[in-house]
Amino acid sequence: MKPRTAEAARLEADYLARVKVAIAGREASEIDEIIGSLREHIEEELSETDDDRVGLVQMANVLEQLGPPEAYGQEEGATPVPVPNTKVAPAPTTDQIDPRYSRLAIAAAICFPAGFFVYALVVALAPNNGESGAACGVALLVSQLTAMALGIAALVNIRNARQKMRGRFLAWFAIAGPVLLLVLPGLLWFTYSSR
Amino acid sequence: MQYDIATRDSDRPAQQFLAMTDSKWLSQVKRGLLELCVLNLLNQEGMYGYQIVKRLMSVPGLVAGAGTVYPLLARLKREELLTSSLEESPQGPARRTYVLTAAGRRHIRSLNETWREIAEAVEEFMAGDNHSSYR
């Protein structure tokens, strides 16, 4: 290290201190790196001069070439802004079916065969009981109409969901099944009675 | 109150805004390009800080100085794109030599590729500028 006059050493120390202030937002290792590099740079510049002792003017010239100390704090990424670690609730999307409508579709799909199954069971166990047969017929009709209503409600509500294949299938099943079940016997009855 | 005849008062905010955004844009472009240049320099060979600064300062238009290069080197080192080591010099003070890491070499390959694409695209748009001495 080339010897300096007291004024030159003070000027250098003051410059480096101001650079340190400008880069204070950086990590300690980075600050050391930058200050170390600057010391080396100053020494390189001074080593090219012939004088044995570095004076105030020489030092001022070197520091002037290095630019204003404030410039060292303007490098991009110098002071990263801390990002608050808060969890944000995901925004509602139409990617998935609302579970409520999904359950509605399932209920509709179960309602259709269940009503039919109960009716068939009662008819099979008590074929000659007219009262229970009529009651079961009404129950079957109600269950099928319920299945259709639930299916339509589910279908309307899951219309916009992208992930809708399963829900749509169940809803259509619940609507189409009772329609066939109620319409087919009606058609058969109409066909045979008109002969 | 005096009025500038050449420039209407109503135009001044717009001109000031344009001058401000222009210089801001230019400084951002130069900062981005400086990183590209530093990494490309080090991709050729390991260099010490003083050498890098002098080399970049010799390129007109880049306007790179110690105030931008040393903080940039420190950041690139933090990002593990380069490493530095102090080496004794027979002629002068010890020198901090910077070398690209494997990640740094990968990074510069990707940056160069992107830069070529951007430069090509921009050149295409600049084709209509007859006054340009770019070509």
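Author: We may begin with one residue of this predicted model. The side chain of B:Ser84 is in polar contact with that of B:Lys77, at 2.9 Å.

Reader: In which element does B:Ser84 lie, and which residues does B:Ser84 touch?

Author: B:Ser84 belongs to strand 2 of chain B. Leaving aside residues up to four places away in sequence, B:Ser84 touches A:Glu33, B:Lys77, B:Arg96, B:Thr97 and B:Tyr98. A polar contact of 3.1 Å also joins the side chain of B:Ser84 to that of A:Glu33.

Reader: With which side chain does A:Glu33 meet in a salt bridge?

Author: The general idea is that side chains of opposite charge can pair when their charged atoms come close. Here, A:Glu33 and B:Arg96 form a salt bridge through their side chains, with 3.6 Å from N to O. This distance counts because the cut-off for a salt bridge is 4 Å.

Reader: How many salt bridges and how many residue pairs in polar contact does the rule find across the interface of chain B and chain A?

Author: The rule finds 6 salt bridges across the interface of chain B and chain A. Residue pairs in polar contact across this interface number 12, with both residues at pLDDT 80 or more.

Reader: Which elements give two or more residues to the side of chain B that touches chain A?

Author: They are helix 2 (49-57), helix 3 (66-78), strand 2 (82-87) and strand 3 (95-100) of chain B. Helix 3 of chain B gives the most, with 10 residues. By class, the residues on this side of chain B divide into 12 nonpolar, 3 polar and 7 charged.

Reader: How many residues are in contact, and what area is buried between the two chains?

Author: In chain B, 22 residues are in contact with 22 residues of chain A. About 2100 Å² is buried between the chains, and carbon and sulfur atoms give 51% of that area.

Reader: How many salt bridges does the structure hold over all chains?

Author: Over all chains there are 13 salt bridges. One joins the side chains of A:Glu70 and A:Arg18, at 3.3 Å from N to O. A:Glu70 lies in the loop between helix 3 (56-66) and helix 4 (99-125) of chain A, and A:Arg18 in helix 1 (residues 6-22) of chain A, so this pair ties together parts that are 52 residues apart in sequence.

Reader: Which residues form a nonpolar patch on the surface?

Author: The patch consists of A:Leu141, A:Leu145, A:Val179, A:Leu180, A:Leu182, A:Val183, A:Leu184 and A:Leu187, which together have about 650 Å² of accessible area. Helix 5 (130-157) and helix 6 (165-193) of chain A each give two or more residues to the nonpolar patch. Helix 6 of chain A gives the most, with 6 residues, and A:Leu182 has its place in helix 6.

Methods:
Residues are numbered from 1 along each chain as its sequence is written. Chains are lettered from A and ligands numbered from 1 in the order in which they are written. This is a predicted model: local features need pLDDT of at least 70, side-chain atom pairs count only at pLDDT 80 or more; totals for chains, interfaces and linings use all residues. Side-chain values use heavy atoms; hydrogens and water are left out. Contact means heavy atoms within 4.5 Å. Buried area is the accessible area (1.4 Å probe) that two parts lose on being put together, summed over both. A polar contact is a pair of N or O atoms within 3.5 Å; within protein, one must be able to donate a hydrogen and the other to accept it, and residues adjacent in sequence count only if both atoms are side-chain atoms. Helices (H or I, at least four residues) and strands (E, at least two) are DSSP runs, numbered from the N terminus. Ala, Val, Leu, Ile, Met, Phe, Trp, Tyr, Cys and Pro count as nonpolar, Asp, Glu, Lys and Arg as charged, and the others, Gly among them, as polar. Patches are made of residues with over 30% relative accessible area and no salt bridge: like charges are joined within 9 Å, nonpolar side chains (Val, Leu, Ile, Met, Phe, Trp, Tyr) within 5 Å. Accessible areas come from the Shrake-Rupley method with a 1.4 Å probe; for residues, only the protein chains shown count as cover.
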